[in-house]
Amino acid sequence: MQNLDLLHISIADQQLYGFASGRLVLRMPVSTALNGAGETNGSNCTPRGLHQIRARIGDGLPIGAVLRGRRWTGEVWNTELHERFPGRDWILTRILWLSGCEPGRNRLGQVDSFRRYIYLHGTPDTEPMGVPLSHGCIRLRNADVLELFDRVPVHCAVRIDEAPCPDWAVAQLS
């Protein structure tokens, strides 16, 4: 499998589009913020603009590994654990931690995506995809975040945009 050099997340489509050498090679459903797009600290919104993968966390952990504070708790998600902690924002399997690249928009001060702990991460497979429900992060199916994790290096570019991408949504993958 080819490494990706650009991830484009369309908030309108609730899709992640992965590119390698300018070619669309991957498409995955996501769930962005219930509160919509926005950059301000404490807003629970998904930040827009150009980002990069700053850290890759969870390599080698089992699928469904529960992460809190970017550390494995030793637990693996299941319905019983889910019922014991209702309302928890589950961060599972892997974390791709984003850092903004645009000072004043998504980097530094009150709009810093890295300090806001904005991730691409796994979520329980019982959670819907294609519907904005997160607290600001970009949620993916556990199998999808595993595949993505293996294909994106640190510093991979990530663009988050509100616009729909109708051509990419139906394009043949290379």
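Mentor: This model is predicted. Its largest nonpolar core has 24 residues, and L7, L16, L120, L140 and L148 touch the most other members.

Trainee: Which elements supply at least two residues each to this core?

Mentor: Strands β1 (6-10), β2 (15-20), β3 (23-29), β7 (92-100), β9 (138-141) and β10 (157-161) do, and so does helix α2 (142-151).

Trainee: Which residues is L120 in contact with, leaving aside its neighbours within four places in sequence?

Mentor: L7, I9, L16, R94, I95, L96, L98, I138, L140 and L148. Another core, of 11 residues, lies apart from the largest one. L61, I91, F114 and Y119 are among its members.

Trainee: How do you know that W97 is buried?

Mentor: Compare the value with the cut-off. Buried means under 20% relative accessible area. W97 has 11%, so W97 is buried.

Trainee: And why does Y119 count as buried?

Mentor: Y119 has 5% relative accessibility. That is under 20%, so Y119 counts as buried.

Trainee: Let's turn to the rings. How many aromatic pairs does a search of the whole structure find?

Mentor: The search finds 6. A pair of aromatic rings is described by the distance of the centres and the angle of the planes.

Trainee: Why is the pair of W97 and F114 called stacked?

Mentor: The centres are 4.1 Å apart, which is within the 6.5 Å limit, so the rings pair. The planes are at 15 degrees, under the cut-off of 30, so the pair is stacked. W97 is in strand β7, while F114 is in the loop between β7 and β8 (119-123). The two are 17 residues apart in the chain. F114 is buried, like W97.

Trainee: What makes the pair of W97 and Y119 edge-to-face?

Mentor: Here the centres lie 5.9 Å apart, again within 6.5 Å. The planes are at 90 degrees, over the cut-off of 60, so the pair is edge-to-face. Y119 sits in strand β8, 22 residues from W97 in strand β7. Ring pairs link W97, F114, Y117 and Y119 into a cluster.

Trainee: Which residues lie over the face of F149?

Mentor: R56 does, at 4.0 Å from the ring centre. R94 does too, at 5.4 Å. Both values are within the 6 Å limit.

Trainee: What is the volume of the largest pocket?

Mentor: About 360 Å³. It is lined by 22 residues, and D89, I91, R116, Y117 and C137 are the closest to its centre. Strand β5 (residues 65-68) gives the most to the lining, with 3 residues.

Terms used:
Residues numbered from 1 in each chain as written. Predicted model: local features only at pLDDT ≥ 70, side-chain atom pairs only at ≥ 80, totals over all residues. Heavy atoms only, no water. Core = buried A, V, L, I, M, F, W, Y, C linked by side-chain atoms within 4.5 Å. Buried < 20%, exposed > 50% of the residue type's maximum accessible area, 1.4 Å probe, protein only. Helix = DSSP H or I, 4+ residues; strand = E, 2+ residues; numbered from the N terminus. Contact = heavy atoms within 4.5 Å. Lys NZ or Arg CZ within 6 Å of the ring centre and 35° of its normal. 1 Å grid on protein atoms, 1.4 Å probe; cavity = no way out; pocket = protein on both sides within 12 Å on 5 of 7 lines; lining within 4 Å. Points joined across faces, edges and corners; volume = space filled by probe spheres on them.
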